[in-house]
Structure formats: C-alpha cells, structure tokens
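Thanks, everyone, for making the time this morning.

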Amino acid sequence: MAVGKEIRTKIGSIQNTQKITSAMEMVAASKMRKAQDRMEATKPYAEKIRGVIGHLGMGHTEYKHPYIIDREVKRVGFIIVSTDRGLCGGLNTNLFKDALKSMQQWQEQDVEIDLCLIGSKAAGFFSRFGGNVVAKTSHLGDAPTVTDLIGTVKVMLDSFDEGRIDRLFLVHNEFVNTMTQEPRVHQLLPVEKNEEDELKHHWDYIYEPDAKELLDVLLVRYIESQVYQGVVDNIACEQASRMVAMKAATDNAGDIIDDLQLIYNKARQAAITQEISEIIGGAAAV
Amino acid sequence: MYTFQLDIVSAEKSIFSGTVDSLVATGELGELGITPGHAPLLTKLKPGTVKVTDHDGKVEHYYVSGGMLEVQPHVTTILADTAARADDVDEAAAIAAKEAAEAAMTDQNSEIEYSKAAAELAEAVAQLRTIQAIRKKVGK
C-alpha cells in the first residue's frame, strides 16, 4: 500500500535517532558515576595541602608570598573550563554567559583580560567572540591527569609572577547533583584566606631546605590541584547534563513517533474508506 | 608499640592511608626515616621509593614521583606529585599550551626534547629501583 510512505520513512528515521539518544543517555549515566568517583578522589589532596599551607602561614607571618598579597588590578586572567563535546544541554552556554558577565564587570573598570581555555568548546566560542587567548588545551578525555594541565596553568602563573596579570579566576561548572550544575567563577590568585581554617593548635616545622622555597612549590601545587578539581568537576557536570539532555531527547522522540503514528493511521484509514466508497459507488453505477 | 597515621595522597587519588610503624623516603637533601615521635618536619621529596613498615613488620614499597613530606606530631602526610616534575619540562608544557593558543606550527625545540627525555629517564631509573627493591623483598 502506497499510502503514507513518507510518514513511515519519517517514523523510521526518528526511531533511529531515538536509539542513538537512548544509548548516549546510558553511556553518560555510567560515565557520570565514574566521574563522580574521580571527583571524590581529588578531595583529600586539596584538603591536606590547604592544611599545610595554613600551618605554614601561621608559622611564618613575616614572609608574605606574592600569591597571598592583594595588589592593584590592571589586568586579570580567566581560566575557563569547558567540555570537548556538545550535546550536553545548556551547560557550556550558561558557563560562557557567566564568564562574560564577570569579564564585563572588569572591562567596565578598564581592566584588560587574558584568557586561558580548557576544552574545545571554549576555544570555539572565544575564537568567534574574540578575546586575548594566551593558552589553550583540549581533548583531555574522560580521565584527565594533572600533567595535562601543568602547561596551561604555568602560563597563567608565570604571567602572575611577572606582573602581567594581577588576579586569576577559574570558571567551571560545579556539580551539585544530577539535575543541577552551576557555573562558578572562583578566585585562584591571590589565594583567599579562609577564616574557617583557623587552627586550634600550632607548631613550627623543621624545614628542609627552607620555608620560602617549600611555600613556593606548595602554592603552585595548590593552584594546580584547584584547576584539576575544576576540570574533573566539569566532566562530571558534562556527563550529568548530557544524560539529562539525552533523556529529554529520547522522550521527545517518543512523543513525535506517537504523533506521526496517529497521523499515519488516520491517513491509512481515510484511504481505505475512500477506496470502499469508490467500489460501492462503482457497483451502484453498474 | 608506637605507631602513627600515614596518608599518601596525590591530586588524582588517595594512594595509602593507615597506621604505620616507620617510613623511609628520599628527601631532596637525602634519605630520611620517620618513626613515631619525629619532630614536625616539612620537606620536598625526590622521585623514588617510599618504604612503609606497618606494625606487623610488613614492608610495602610505594613509588612517588616527587612531592612533599609533612610530619605532624601524630599524622604524616605525603603529598605526591602525579608525574616527575622538572622546571624545563613544565616550561615545555607551558610553551606547548601557548603554541596551541597561537595555533602556530613551528618546529619542535630540540633542547626541550632533551630535557624531557632526561626527566623521563630519571623517573624510569627511580621506578626500576622500586621494582628491584620489591623483587628483593619477594625473593627473601
């Protein structure tokens, strides 16, 4: 029967799409769990290192590391963490919106901006939008390592050391839960003193070789671990967001298939009715 | 028997956590052993083996590619690096990131290649030593 051939092809193609989206949903769900585990695994290091820096700061109040001192802001740096792939809802768009809002606030104060981009979506967006991109890395995969980030972070830390930028921010998505991911703009440098970290007891260490050198290394590691955490967090967000987006896409495909099926049935019924009435009409004429 | 709490963590995962009897690590200024009651200490570690003895006398070897050793009165923490770090290797990574940003295709700097290879070699040698130490232990 030739009736509704176009509709049937359409249904077929939507069914294929639905298969893909539901497969992507399942893949994202399993990747999300792994990403969440990885997120948890990064926490002890950050906590420990923060503790050590706290101790050091308490013991050596006379030595102020440049990473701790606030200075006049002429130029700021942004490290923007995005995903490498699309099809994850409004995750990147919301992040860029927040980043732009915060960048605009600086621009209004005549402060210039350097960008450091992680992930190909950010690279794509800022190449269209414009901006002074000083470092870029992408295709880190599902399980990035700190090594992948050393280069990009170093570019920004070097410009801070040399006084080209006076503040450094990290922009990434924060994983709240599966349904909610929130863009966050978080100040990395100068390191903000956390009042909650006040120590109840305190002692001074034996330093080998000396306190300044150790603090230098510790602070760099600390910033790196913060960026790494941001990246890992963003991956968990990407998977969660993709899972939700693909679930919605699968549901929508189901709705469209139902609608098309109804139209197809109606058309088929109409064709049959017409055929019968033609036959009856023909028989009556004879 | 006195013991203390030891945590070995890296930015990517927690490597070891438990109570131990003693530990031996390679500090930047030489080998050092930590036993309970050690004075608070903060030092840099070189790539190498961390030998951990638990209270049953069982010895475990861990390989760390550099990091920090922090001794507090009752807790000792090793903040391990995830990869061998050398300034020129880091520099090379920074240059790579800049180049990616500029998307400029230039020839690889041979000096960077050399220092990268040297750092990798140092790491490989240290890893080999760890493996040998483990073998010796198993052989006994």
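**Where chain A meets chain B**

Let me start with the contact itself, to which chain A contributes 37 residues and chain B contributes 36 residues. Please keep in mind throughout that this is a predicted model. The area buried between chain A and chain B comes to about 3100 Å², and carbon and sulfur atoms account for 66% of that area. On the chain A side, the residues that lose the most area to chain B are Tyr45(A), Lys48(A) and Glu208(A), which together make up 19% of what that side buries.

As for polar links across this contact, there are five residue pairs in polar contact between chain A and chain B, counting pairs in which both residues have pLDDT 80 or more. The elements of chain A that give two or more residues to the side touching chain B are helix H1 (5-59), strand E3 (132-137), helix H4 (146-161), strand E6 (206-208) and helix H5 (211-285). Of these, H1(A) gives the most, with nine residues. If we sort the residues on that side of chain A by type, we find 22 nonpolar, six polar and nine charged.

**Salt bridges, between chains and within chain A**

How many salt bridges does a search of the whole structure find over all chains? The search gives 16, and the count between chain A and chain B is three. One of those is formed by Lys44(B) with Glu213(A), where the closest N and O atoms are 3.8 Å apart.

Another joins the side chains of Lys48(A) and Asp7(B), at 3.0 Å from N to O. This pair crosses between chains, with Lys48(A) in helix H1 of chain A and Asp7(B) in strand E1 of chain B, residues 4-10. The two partners can be described separately: Lys48(A) has a relative accessible area of 26% and is therefore partly exposed, whereas Asp7(B) counts as buried because its relative accessibility is 9%, under the 20% limit. Lys48(A), you will recall, is also among the residues of chain A that lose the most area to chain B.

Within chain A, the side chains of Arg75(A) and Glu112(A) meet in a salt bridge at 3.1 Å, N to O. That pair links distant parts of the chain, with Arg75(A) in strand E1, residues 75-81, and Glu112(A) in strand E2, residues 112-118, the two residues being 37 apart. Glu112(A) is partly exposed, with a relative accessible area of 47%.

A further salt bridge in chain A brings together the side chains of Glu182(A) and Arg184(A), at 3.3 Å from N to O. Glu182(A) is partly exposed at 33% relative accessible area, and Arg184(A) likewise counts as partly exposed at 33% relative accessibility. Returning to Arg75(A) and Glu112(A), these two are joined with Asp114(A) into one network by salt bridges that share partners.

**Other places in chain A**

Let me go back to helix H1 of chain A, where Arg38(A) lies. Arg38(A) is partly exposed, with a relative accessible area of 23%. Leaving aside neighbours within four places in sequence, Arg38(A) is in contact with Asp142(A), Ala143(A) and Val232(A). The backbone oxygen of Asp142(A) lies 2.6 Å from a polar atom of the Arg38(A) side chain.

His55(A) is also placed in helix H1 of chain A. Is His55(A) buried or exposed? At 6% relative accessibility, His55(A) counts as buried.

Elsewhere in chain A, strands E4, residues 167-175, and E5, residues 181-189, run antiparallel and are joined by eight bridges. They form a hairpin with five residues between them, and Val171(A) stands opposite Val185(A) in E5(A).

**Chain B as a whole**

I will finish with chain B, which has two helices and seven strands, following the pattern β-β-β-β-β-β-β-α-α along the sequence. Of its 140 residues, 44% count as buried. Among the contacts in chain B with a separation of 6 or more, residues 24 or more positions apart account for 49%.

Notes:
Residues numbered from 1 in each chain as written. Chains lettered and ligands numbered in written order. Predicted model: local features only at pLDDT ≥ 70, side-chain atom pairs only at ≥ 80, totals over all residues. Heavy atoms only, no water. Contact = heavy atoms within 4.5 Å. Buried area = accessible area lost by both parts, 1.4 Å probe. Salt bridge = Lys/Arg side-chain N within 4 Å of Asp/Glu carboxyl O. Polar contact = N/O pair within 3.5 Å; in protein donor to acceptor, adjacent residues only side chain to side chain. Helix = DSSP H or I, 4+ residues; strand = E, 2+ residues; numbered from the N terminus. Nonpolar A, V, L, I, M, F, W, Y, C, P; charged D, E, K, R; others polar. Buried < 20%, exposed > 50% of the residue type's maximum accessible area, 1.4 Å probe, protein only. Pairing = 2+ DSSP bridges.
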